[in-house]
Amino acid sequence: MPKRSVILLPETQKILEQMGLQIKYARLRRKISSELVAERAGISRATLVSIEKGAPSVSIGSYAAVLHALNYMDKDLLLVAKDDELGRKLQDLGLPVRKRVDKRR
């Protein structure tokens, strides 16, 4: 089975690239080698290089493992979608939420 490539909007790709660069800078500021971070995260060095480039094909679990390997920086992932301003406004307006039909019958 061929590997599917992930198609992202350019803005999202830029965000991933920025995040990868920030991870790389965090590693360099701590003076930790890429080999050591990869070993601590349980990934290959090639995967770490992909993460530092912001590759969308790398699993979010690998990103989290690298952040954890950089002295528990994975706790910042809890901030993702924490303040869902649009969602709260829609909830307050009482707009109906589309429900999926159960396909199992």
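Predicted model: local features only at pLDDT ≥ 70, side-chain atom pairs only at ≥ 80, totals over all residues.
## The nonpolar core

Let's begin on the inside. The largest nonpolar core has 17 residues, and those touching the most other members are Ile23, Val37, Ile43, Ile51, Val66 and Leu70. Helix 4 supplies the largest share, with 4 residues. As general background, nonpolar side chains in soluble globular proteins tend to be buried together.

Setting aside neighbours within four places in sequence, Ile43 is in contact with Ala38, Leu48, Ile51, Ser62 and Val66. Two of the residues in that list, Ile51 and Val66, are also among the core members that touch the most others.

## The two sides of helix 3

Helix 3 is worth a slow look. Leu48, Ile51 and Glu52 are buried in this helix. They lie on the same side of helix 3 because they cover an arc of only 95° around the axis. The general rule behind such patterns is that an α-helix has 3.6 residues a turn, so residues three or four places apart point the same way.

What do the buried residues of helix 3 pack against? Their partners are helix 1, helix 2 and helix 4. Turn to the other side of helix 3 and you will find Ala46 and Lys53, which are exposed. Just after the helix comes Gly54, with a positive phi of about 80°.

## Three salt bridges

Searching the whole structure turns up 3 salt bridges. In general terms, side chains of opposite charge can pair when their charged atoms come close. One of the bridges joins Glu52 to Arg27, with the closest N and O atoms 2.7 Å apart. This pair links distant parts of the chain, as Glu52 sits in helix 3 and Arg27 in helix 1, 25 residues apart. Are these two partners buried or exposed? Both Glu52 and Arg27 are buried, so each falls under 20% relative accessible area.

Glu35 and Arg45 form another bridge through their side chains, at 3.2 Å from N to O. Because Glu35 belongs to helix 2 and Arg45 to helix 3, the pair ties together parts that are 10 residues apart in sequence. Glu35 is partly exposed, with a relative accessible area of 46%, and Arg45 also counts as partly exposed, at 44% relative accessibility.

There is also a bridge between Lys89 and Glu85, whose closest N and O atoms are 3.8 Å apart. Lys89 and Glu85 are 4 residues apart in helix 5 (residues 85-93), so about one helical turn separates them.

Leu21, Tyr25 and Leu28 make a nonpolar surface patch of about 270 Å². One of these residues, Leu28, is found in helix 1. Leu28 is partly exposed, with a relative accessible area of 43%.

Leu90 is located in helix 5. At 38% relative accessibility, Leu90 counts as partly exposed. How many residues apart in sequence are Leu90 and Glu17? They are 73 residues apart in sequence, and their C-alpha atoms are 31 Å apart in space.

Key. Residues numbered from 1 in each chain as written. Heavy atoms only, no water. Core = buried A, V, L, I, M, F, W, Y, C linked by side-chain atoms within 4.5 Å. Buried < 20%, exposed > 50% of the residue type's maximum accessible area, 1.4 Å probe, protein only. Contact = heavy atoms within 4.5 Å. Patch = residues over 30% accessible without salt bridge, like charges linked within 9 Å, V, L, I, M, F, W, Y side chains within 5 Å. Areas by Shrake-Rupley, 256 points an atom, 1.4 Å probe, with all protein chains shown as cover. Salt bridge = Lys/Arg side-chain N within 4 Å of Asp/Glu carboxyl O. Arc of directions from axis to C-beta.
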